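Visitor: I would like to learn how to read a few features of a model. Please take them one at a time.

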Amino acid sequence: MKVLVTGCIGRVGRRVVKAALEQGNIVMGVDKASFKDLEGLEDWFFAPNFSYQSADLQNFEEVLAIVRGNEAVINLAARPYPVDYKVVAHNENVVISWNILRACAELGIKFVAQASSVNVFTMAYCSQTRIRYLPIDEAHPCEPDEPYGLSKVICELQADTIVRRYPEMRVASLRLHYSVPSKSVASSRHRVKDLWGYVQEDSAAQAFLLAVQDNEKWGGHERFLIVAPETACEEETASLLEEFLPDIPIKEGRKITGRQSLFDCSKAAALLGWNHEDKET
């Protein structure tokens, strides 16, 4: 399969490229920098089945030219944090995500996966936590008060819009948590506003590749939480909740045991066949 990976020089983007090549795909990587200016490139960036192109993904005509000829698109191109907490992250991310989705629709590309974020909820960048229940699932209200999280809510709404007009398309919005090379990077007990979550970046990459496979279990646009099944903290989750977040209710019929994650990823397991693995890279 010919796969386009935008944001390919980011932490997760690099792992998506590696995994896609290992699975025998022909991969085009796209990012802002000129290839000659890139540093620290892994061997797979020089593989015969990989090509690279720098582009301004806020320019729709450039996006059309780059997307053309591919069979699947994985979009990770975005500002990964609020930047100025004003306009930069919001404006860039919203334009890029729409350009990718609209170009895929125009060119008849059916399989699209885009990077959303747990920041559609109120996580680390928000001024106030608004968690209604635990564990969080895809139905939890999205109420960010900062521009990065808002841009990810909007990219999901854009996908809802595009599949209404182009129902043959299938778009997965993957709500990634803090993507790290190993759990130890995310192990601080003080990451209360992130609910002590994380995702190992190779495991995140696998979720993207599963999301662009032909799969009869789902269609249209679906949102998927992509988070490790345990917290990164060595303490029991219930003890952390009692200390830091005692007033957030546990969803009826659920129990929090051991170091259990406060994010419910059963949808990704059921529809994508995704299960988290911790790897050392």
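Predicted model: local features only at pLDDT ≥ 70, side-chain atom pairs only at ≥ 80, totals over all residues.

Visitor: How many residues of strand β6 are buried?

Guide: Buried here means under 20% relative accessible area. In β6, residues 170-176, seven of the seven residues are buried, so the strand is largely enclosed by the rest of the structure. Arg170, Ala172, Leu174 and Leu176 point one way from β6, while Val171, Ser173 and Arg175 point the other way.

Visitor: Which strand do seven bridges join to β6, and does it run parallel or antiparallel?

Guide: Strand β5, residues 111-117, is joined to β6 by seven bridges, and the two run parallel. Ser117 stands opposite Leu176 of β6. Between β5 and β6 the chain passes through helix α4, residues 147-165, in a right-handed β-α-β crossover. β6 also has seven bridges to strand β9, residues 220-226, again parallel. There, Val171 has His221 as its bridge partner.

Visitor: Which residues of helix α6 are buried?

Guide: An α-helix has 3.6 residues a turn, so residues three or four places apart point the same way. In α6, residues 237-244, the buried residues include Thr237, Leu240 and Leu241. These three cover an arc of only 100° around the axis, which puts them on the same side of α6.

Visitor: How many disulfides does the structure hold?

Guide: A disulfide needs two cysteine sulfur atoms within 2.5 Å. The structure holds zero. For Cys104, the nearest cysteine sulfur, that of Cys155, is 13 Å away. Cys104 counts as buried because its relative accessibility is 0%. For Cys126, the nearest cysteine sulfur belongs to Cys142, 11 Å away. Cys126, at 3% relative accessibility, also counts as buried.

Note on methods. Residues numbered from 1 in each chain as written. Heavy atoms only, no water. Buried < 20%, exposed > 50% of the residue type's maximum accessible area, 1.4 Å probe, protein only. Helix = DSSP H or I, 4+ residues; strand = E, 2+ residues; numbered from the N terminus. Pairing = 2+ DSSP bridges. Right-handed = clockwise from strand over helix to strand, strands pointing away. Arc of directions from axis to C-beta.
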